[in-house]
Amino acid sequence: PRRRLEEEERENANRLSCIAAQEQAQANNVESAPYTPSTPATPNPAAPNPAIPSDLTMVGTWGWKYDASTKTLYIGGSGAMNDYSVNRDIPWYAQYGQEIESVVIGEGITSIGENLFQGCSSLASITIPPSVTSIGNRAFYYCSSLTSITIPNSVTRIGEAAFHGCSSLTSMTIPSSVSSIGDAALSRCSNLTSIAIQSGSA
């Protein structure tokens with residue numbers, strides 16, 4: 001019995017020695033393994049603008065949706081928005097024109113069409129993306145509640161009477177990218193006390 005006990009103790013010792021050797025080998029492999037940095041995920045260039053709803057009413061390559069709960073008009077898509085000559089032809093005007101308080105234009109839109117927001121008397125704020133290069137004639141004609149607007153450095157043209165009658169507008173900065181400002185672009189802006197024209201603007 002004593003010999004058997006000694007043999008079992010030797011077997012256990014050998015087993016523990018093997019386990020320790022395996023663990024040490026694994027530790028050495030982990031320590032010596034070269035560091036491989038993770039590859040960052042590549043953003044999907046076709047991903048939609050998260051601020052713009054997906055269920056737009058399309059007008060050619062661009063579309064719109066009005067959110068009555070926030071009184072916000074969303075515009076998304078790509079390319080130039082249409083020019084309009086009369087209010088009744090503007091898609092949202094008859095039903096929502098006097099209710100809209102804010103406008104969010106998504107990246108990809110390149111111009112704000114003529115008369116597009118004309119007479120939107122409750123419009124107080126608008127988000128213009130850096131893809132926009134042109135603000136059309138009378139685009140914000142008599143938007144009398146508009147208090148401020150940020151014109152991105154991508155804009156090169158501000159059309160005639162673009163902000164005519166924006167009587168709540170108090171200040172504006174025109175970026176150096178603007179090379180053309182139409183006649184009466186800021187006429188009848190009775191509370192406009194500060195216009196900053198960056199070097200290089202027309």
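Burial, core and cysteines in a predicted model

Visitor: Why is Cys189 called buried?
Guide: In this predicted model, Cys189 has a relative accessible area of 8%. Buried means under 20%, so Cys189 counts as buried.

Visitor: What makes Cys166 count as buried?
Guide: Its relative accessibility is 0%. The cut-off is under 20%, therefore Cys166 counts as buried.

Visitor: Why does Ser111 count as buried?
Guide: Ser111 has 13% relative accessibility; buried means under 20%, so Ser111 counts as buried. Ser111 lies in strand S6, residues 109-112. Beyond its neighbours within four places in sequence, Ser111 is in contact with Gly79, Ala80, Met81, Val132 and Ser134.

Visitor: Which residues touch the most other members of the largest nonpolar core?
Guide: They are Ile75, Trp92, Ile112, Phe117, Phe140 and Phe163, in a core of 43 residues. Elements giving two or more residues to this core include strand S3 (72-77), helix H2 (93-96) and S6. Strand S2 gives the most, with three residues.

Visitor: What is Phe117 in contact with, leaving aside its neighbours within four places in sequence?
Guide: Its contacts include Ile75, Trp92, Ile112 and Phe140, and these are also among the residues touching the most other core members.

How values were computed: Residues are numbered from 1 along each chain as its sequence is written. This is a predicted model: local features need pLDDT of at least 70, side-chain atom pairs count only at pLDDT 80 or more; totals for chains, interfaces and linings use all residues. Side-chain values use heavy atoms; hydrogens and water are left out. Helices (H or I, at least four residues) and strands (E, at least two) are DSSP runs, numbered from the N terminus. Buried means under 20% relative accessible area, exposed over 50%, partly exposed in between (1.4 Å probe, protein chains only). Contact means heavy atoms within 4.5 Å. A nonpolar core is a set of buried Ala, Val, Leu, Ile, Met, Phe, Trp, Tyr and Cys residues joined through side-chain atoms within 4.5 Å.
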